[in-house]
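Hi,

Here is the structure I promised to pass on. Have a look at it first, and my notes on the ligand site follow below.

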Amino acid sequence: TKRVFSGIQPTGNLHLGNYLGAIRNWVTMQDEYECIYCIVDLHAITMPHVPAELRANTLEMAAALLASGIDPKRAILFNQSRVRMHAELAWILNCTARMGWLNRMTQFKDKSGKDKEGASVGLFVYPVLQAADILGYKATHVPVGDDQKQHLELARDIATKFNTDFGVELFPLPEPVIGGHNAAGPARVMSLRDGTAKMSKSDPSDMSRINLTDDADTIANKIKRAKTDPEPLPETAAGLEGRPEARNLVGLYAALADCSVDAVLADYAGKGFGAFKPALAELMITALAPINDRFVHLRADPAYLSQVLRDGGERANAIAEPVLAQVQETVGFLR
Ligand code: TYM
């Protein structure tokens, strides 16, 4: 049987990259599988943060996920720090993971910047906590964007080494499910200002991303001002080679319209961005408006959001506790 786990950081709000790369997939998977979705507040403190903002952002993220279609009656939605397994299993897996493996993680290199000596130890072992998140529920499938591929590989390596070291078959190897919910879903949504950088909450320019909470005028303006090139659109996807901004915008259109890139180009080949951009903005506004409406509604009800997370935490804990006990037994802790 399949069990799905995935997580998102409660830093800033949901953007279109999160949504098309991962969250839309979270929503469709809850129809078919047992799904556990986690707002990873333990991960959020690996970087400097303000406590009151973390609390507020955790609730906002819960509102955004519910607004996107996560159904707390079917899926489990909770914040990570409520379930002690995450921190405890991470410690045990820290003793399985190798320094060399973590030294190869590109996210640590990106996030720590020039000051490696000044980075928190937590930031260095961040991917081990992520492995604990997944393995502590014996999850089999993990819907994520392309940027999480390396962390998923590490989780598989840790699971394999743990199983081999102790001669058990405790952890199943989790499979990444990368990208949108069909072939049109982009695995990596790029910045609107630079087609070679991923869309990200940490980009200082808000013009680089579409937030799920942007209103219609903001979306129209961001698309209008999105970077492009002067060429008309090509006949086929192959013609987007070497045109990262054009490829990104056409990819977004395809993902939102639920069709292939070639199908989009069949309508727009030979036309310029002056014709394409308003159509893209229109499509985006139509897709995001209902999410935005629900978000505004949900955000105004923190008591409900807290209740959803508390209830989710209890259900998550009930799955995680027996796995943690099995791990403790396996490594030889007297209990
Ligand atoms: P986070 O919070 O950075 O992002 C949440 C999800 O959104 C995807 N994503 C994107 N996909 C496509 N294009 C983009 N521009 C883009 N930006 C973000 C991410 O791939 C991710 O799926 N380490 C994780 C959180 C995490 C986790 C886990 C994920 C903690 N534990 C266990 C899966 C399983 C992170 O920082 O995601």
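The side chain of Asp133 has an N or O atom 2.6 Å from a ligand nitrogen, and a polar backbone atom of Val189 is 2.7 Å from a nitrogen of the ligand. Taken alone the ligand exposes 710 Å², and the protein buries 96% of that (Shrake-Rupley areas, 1.4 Å probe).

Before you read on: this is a predicted model, where local features need pLDDT of at least 70 and side-chain atom pairs pLDDT 80 or more, while totals for chains, interfaces and linings use all residues. Residues are numbered from 1 along each chain, and side-chain values use heavy atoms, without hydrogens or water.

Now the shell. It has 27 residues around the ligand, and Tyr126, Asp133, Gly145, Asp147 and Val189 come nearest; a residue counts if one of its heavy atoms lies within 4 Å. The shell divides into 11 nonpolar, 11 polar (Gly is put here) and five charged residues (Asp, Glu, Lys and Arg). Strand 1 (3–8), helix 1 (16–29), helix 8 (126–135) and strand 4 (141–144) each supply at least two of its residues; helices are DSSP runs of H or I with at least four residues, strands runs of E with at least two.

Cheers

Notes. Polar contact = N/O pair within 3.5 Å; in protein donor to acceptor, adjacent residues only side chain to side chain.
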